[in-house]
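Student: I have a structure to go through with you. Can we start with the terms and then take the salt bridges?

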Amino acid sequence: MRQQRHAMQALLAGRFERLEPVGAGVYGTVYKVRDVRTNELRALKTIPLEDEGVPFTVMREVSLLKDLAHRNVVPLREALVAADRVFL
């Protein structure tokens with residue numbers, strides 16, 4: 001758990017201001033964040049890595065979201081991999 005917090009803090013430091021958790025599910029946790037460079041509000045999803053690496057479900061989610069445009073779905077801006085988790 002401590003490593004997870006450190007990975008999250010390292011990504012957020014200087015880039016995003018974490019405002020509040022939005023929700024959590026089987027695959028990860030979503031936070032409401034502010035991009036400090038643009039002042040935009042964003043959703044940041046954190047997904048723990050498995051021993052085998054990036055889960056197939058994450059790759060499928062990225063594949064679907066990268067081309068999806070719908071008013072009820074937050075657009076995928078970036079996908080980042082840290083030592084112990086994936087950030088969308």
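Tutor: Buried means under 20% relative accessible area, exposed means over 50%, and partly exposed is in between (1.4 Å probe, protein chains only). This is a predicted model, where local features need pLDDT of at least 70, side-chain atom pairs count only at pLDDT 80 or more, and totals for chains, interfaces and linings use all residues. Residues are numbered from 1 along each chain as its sequence is written, and side-chain values use heavy atoms, with hydrogens and water left out.

Student: Is R15 buried or exposed?

Tutor: R15 is buried, with a relative accessible area of 16%.

Student: Which residue does R15 form a salt bridge with?

Tutor: R15 pairs with E78, and their closest N and O atoms are 2.3 Å apart. E78 lies in the loop between α2 and β4, and R15 in the loop between α1 (2–12) and β1 (16–24), so the pair ties together parts that are 63 residues apart in sequence. Helices (H or I, at least four residues) and strands (E, at least two) are DSSP runs numbered from the N terminus. A salt bridge here is a side-chain nitrogen of Lys or Arg within 4 Å of a carboxyl oxygen of Asp or Glu.

Student: And what is the accessibility of E78?

Tutor: E78 is partly exposed, at a relative accessible area of 27%.

Student: How far apart are the N and O atoms of E78 and R42?

Tutor: The closest N and O atoms of that salt bridge are 3.4 Å apart. The pair links distant parts of the chain, with E78 in the loop between α2 and β4 and R42 in strand β3, 36 residues apart. R42 counts as buried, at 17% relative accessibility.

Student: Which residues are linked in the network?

Tutor: The salt-bridge network links R15, D35, R37, E40, R42, R77 and E78. The count of salt bridges comes to nine.

Student: What about E17 and R34?

Tutor: The side chains of E17 and R34 meet in a salt bridge at 3.8 Å, N to O. E17 lies in strand β1 and R34 in strand β2, so this pair ties together parts that are 17 residues apart in sequence. E17 is partly exposed at 39% relative accessible area, and R34 counts as partly exposed at 25%.

Student: Switching topic. In what order do the elements run from the N terminus?

Tutor: The order is α-β-β-β-α-β-β, with two helices and five strands. Of the 88 residues, 26% are buried.

Student: How much space lies in the largest pocket?

Tutor: The largest pocket holds about 360 Å³. Its lining has 20 residues, and A43, V74, P75, L76 and L88 lie nearest the centre. β3 gives the most to that lining, with five residues. A pocket is an open set of points on a 1 Å grid over the protein atoms alone, where a 1.4 Å probe fits, with protein on both sides within 12 Å along at least five of seven lines; lining residues have an atom within 4 Å of a point. Points are joined across faces, edges and corners, and the volume is the space filled by probe spheres set on them.

Student: Last one: which residues make the nonpolar surface patch?

Tutor: V54, F56, M59 and V81 make that patch, of about 390 Å². Patch residues have over 30% relative accessible area and no salt bridge; like charges are joined within 9 Å, and nonpolar side chains (Val, Leu, Ile, Met, Phe, Trp, Tyr) within 5 Å. Areas come from the Shrake-Rupley method with a 1.4 Å probe, and for residues only the protein chains shown count as cover. V81 is in strand β4 (residues 80–81) and counts as exposed, at 57% relative accessibility.
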